[in-house]
Amino acid sequence: MAQNRTDIGTEENGSLLTRRRLLQGAGGLIAASALPASGAVSAALPVAQAAKSTSSVAPDLTGQLARYMVAARDNSLSPKVLMDAKHRILDGMGAMVSGARIRPGELAIRFMRGQGGVPEASVFTTDIKTSAINAALTNGMCAHADETDDVDPLTKAHPGAAVVPAAFAMAEREQRSGMDLIRAVTLGYDVGCRFVMALGGDSLRVAHRDVDGPCCTMGASAAAASLARLDETGMRYALSYGAQQVSGLYSWVEDHDHIEKAFDIGGMGARNGVTAAVMVQAGFTAVRDVLSGTHNAIEALCTKPHAEAIMADLGSRFFVSETGIKTYSVGNPNQAPLDAILTLRKQYGLRPDNVERIVVRLPMDGAAIVDNSTMADVNCQYLVATALVDGAVSFANSHSHEHMAEPQIRAVMQRVQVLGDPKLNDPAAPRSGLVEVTLRDGRTVSHFTRFPPGTKENPLDTQGMNAKARDLMGPVLGAKRTEAIIKQVNALEEVRNVREFVRSLLTV
């Protein structure tokens, strides 16, 4: 879609110019009457000038990033990055499809049925065709309806929950190719995660803000702008509209139902990003340098910015290769302890009747999230108990409060203690876990998982990713359609039209 510009202050509208001149003249008289006495003017420097003179961010950072975003539309990707991007796209699709049958996703779909909208993009698993903005919101909430989606271990953000739905909505709207989609998702991960690095994830949390607000909104804005094929100026504007929408409070940790969390982490960022791109396409202008100009976003959102992180290694380091794909559809801090308890169960024949006590040691931030959480798929005690009793943690049981209430599960949960261990606060392995089991015969056995399966240090191969996708999508779409989707995504660079792909396999 061509980028249109609407100039409302031209000679084509003489009456508007006349009114504007009159107002400007009146404004000048009012301003003059409000000036202080002679000699006091110099003491009142404009706030904008003062802010610009003290900015610590490199000049025109927005321009640097915007030019890269334009170039990234045509950049070639290495075979590894190409594969990693397709894995994250398939993972995000699995989260969207399975999430459509979980309460947050069901509520989002029900809500969207009443919203209408130009039929530009599809809500996965349904017959709904709506605006790209609406589709991004709904699919984004489905993508984080539970804890299936990927997570970046460095920033602790969930880029896929917003970037992938936003990219699909925009690619369907614009009828882009599979390769366009891959490049847009890759760009979205890079921009979103780097924006959090520039702000500092720990600094955001100390200020009661969540990392997903900036990551998901800015990442989705970049992906959508790429698929809109905006020029450098358009990219600048899209970044500005994205930055203005950055929000997200860390209060979602008190969300017992995972419904607001689905919006905060998935739907909100996806919607914001597509909104930014579509507004610029429609001719909206904006601030040219939101990242380093006067009152810029980076300095506004944190007190100790690392603005250089935005451009550092951009084009050589790809976050789409670094996020962790979850082997289990549960909160990320639980991946390592589940790997550890299942390893011990197999190695030592652990059973509920021969285990006296289980201690799970996690990095401090992870323990605070999962210790006795009210959400089944986040509660570490419940998930470890399920692994010990069932010998596995299925998608169904990881979300089941009924299974959580079973007497045998409750009894084992009482024997599981979760501790935050500062010795595990390792930036190189931020989601490790140590499980220590005391048996009733007096023995103690333990296993330390430094890098759970699915991390960049212990990655899933294509076969493993396909298996996860089958588990997530098969119960919703059926085996035949699921296999067709997997086949198409594994060769996504050959897909000529994303709209045709989506509407033939992912809707009803």
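Colleague: Buried means under 20% relative accessible area, exposed means over 50%, and partly exposed covers the range in between. In which class does aspartate 60 fall?

Modeller: The model under discussion is a predicted one. Aspartate 60 lies in the loop between helix 2 (47-53) and helix 3 (61-72). Its relative accessibility is 26%, a value between the two cut-offs, so aspartate 60 counts as partly exposed.

Colleague: What share of the residues in the protein chain is buried?

Modeller: The secondary structure of the chain comes to 22 helices and 6 strands. Among contacts with a separation of 6 or more, 77% are between residues 24 or more positions apart. Of the 508 residues in the chain, the buried share is 56%.

Colleague: How many aromatic pairs does a search of the whole structure find?

Modeller: A pair of aromatic rings is described by the distance of the centres and the angle of the planes. The search covers the whole structure, and the number of aromatic pairs is 3.

Colleague: How many residues apart in sequence are the parts tied together by the pair of tyrosine 241 and phenylalanine 284?

Modeller: Tyrosine 241 and phenylalanine 284 have ring centres 6.3 Å apart and planes at 75 degrees, an edge-to-face arrangement. Tyrosine 241 belongs to helix 11 (residues 232-245), while phenylalanine 284 is in the loop between helix 12 (259-281) and helix 13 (297-301). The pair therefore ties together parts whose separation in sequence is 43 residues.

Colleague: Which residue has its charged end over the ring of tryptophan 252?

Modeller: Tryptophan 252 forms an edge-to-face pair with tyrosine 250, at 5.6 Å centre to centre and 90 degrees between the planes. Tryptophan 252 is buried at 8% relative accessible area, whereas tyrosine 250 is partly exposed at 22%. At 4.6 Å from the centre of the tryptophan 252 ring sits the charged end of lysine 261.

Colleague: How many nonpolar residues are there in the contact of helix 8 with helix 10?

Modeller: Helix 8 (residues 178-199) and helix 10 (residues 212-228) pack at about 150 degrees, with axes 7 Å apart, and the crossing is right-handed. Residues of helix 8 including Leu187, Val191 and Phe195 meet residues of helix 10, among them Met218, Ala222 and Leu227. By class, this contact has 4 polar residues and 1 charged residue, and the nonpolar number is 14.

Colleague: How many charged residues are there in the contact of helix 20 with helix 21?

Modeller: The axes of helix 20 (residues 462-477) and helix 21 (residues 479-490) come within 8 Å and cross at roughly 140 degrees. Helix 20 contributes residues including Arg470 and Met473, and helix 21 contributes residues including Arg481, Glu483 and Ile485. Alongside 6 nonpolar and 5 polar residues in this contact, the charged number is 3.

Colleague: What distance separates the C-alpha atoms of alanine 392 and leucine 342?

Modeller: Alanine 392 lies in the loop between helix 16 and helix 17 (395-398), and it is partly exposed at 40% relative accessible area. Leaving aside residues up to four places away in sequence, alanine 392 touches Leu342, Thr386 and Ala387. Although alanine 392 and leucine 342 are 50 residues apart along the chain, their C-alpha atoms are separated by 7.4 Å.

Colleague: What distance separates the C-alpha atoms of lysine 304 and alanine 198?

Modeller: Lysine 304 lies in the loop between helix 13 and helix 14 (335-348). At 63% relative accessibility, lysine 304 counts as exposed. Lysine 304 and alanine 198 are 106 residues apart along the chain, and the distance between their C-alpha atoms is 9.0 Å.

Terms used: Residues are numbered from 1 along each chain as its sequence is written. This is a predicted model: local features need pLDDT of at least 70, side-chain atom pairs count only at pLDDT 80 or more; totals for chains, interfaces and linings use all residues. Side-chain values use heavy atoms; hydrogens and water are left out. Rings of Phe, Tyr and Trp (its six-membered ring) pair if their centres lie within 6.5 Å; planes under 30 degrees apart count as stacked, over 60 as edge-to-face and the rest as tilted. Helices (H or I, at least four residues) and strands (E, at least two) are DSSP runs, numbered from the N terminus. Buried means under 20% relative accessible area, exposed over 50%, partly exposed in between (1.4 Å probe, protein chains only). A charge sits over a ring if NZ of Lys or CZ of Arg is within 6 Å of the ring centre and within 35 degrees of the ring normal. Axes are lines fitted to C-alpha atoms, for helices over the stretch in contact, and angles run from 0 to 180 degrees between N-to-C directions. A crossing is left-handed if the near helix is turned anticlockwise from the far one by less than a right angle, and right-handed if clockwise. Contact means heavy atoms within 4.5 Å. Ala, Val, Leu, Ile, Met, Phe, Trp, Tyr, Cys and Pro count as nonpolar, Asp, Glu, Lys and Arg as charged, and the others, Gly among them, as polar.
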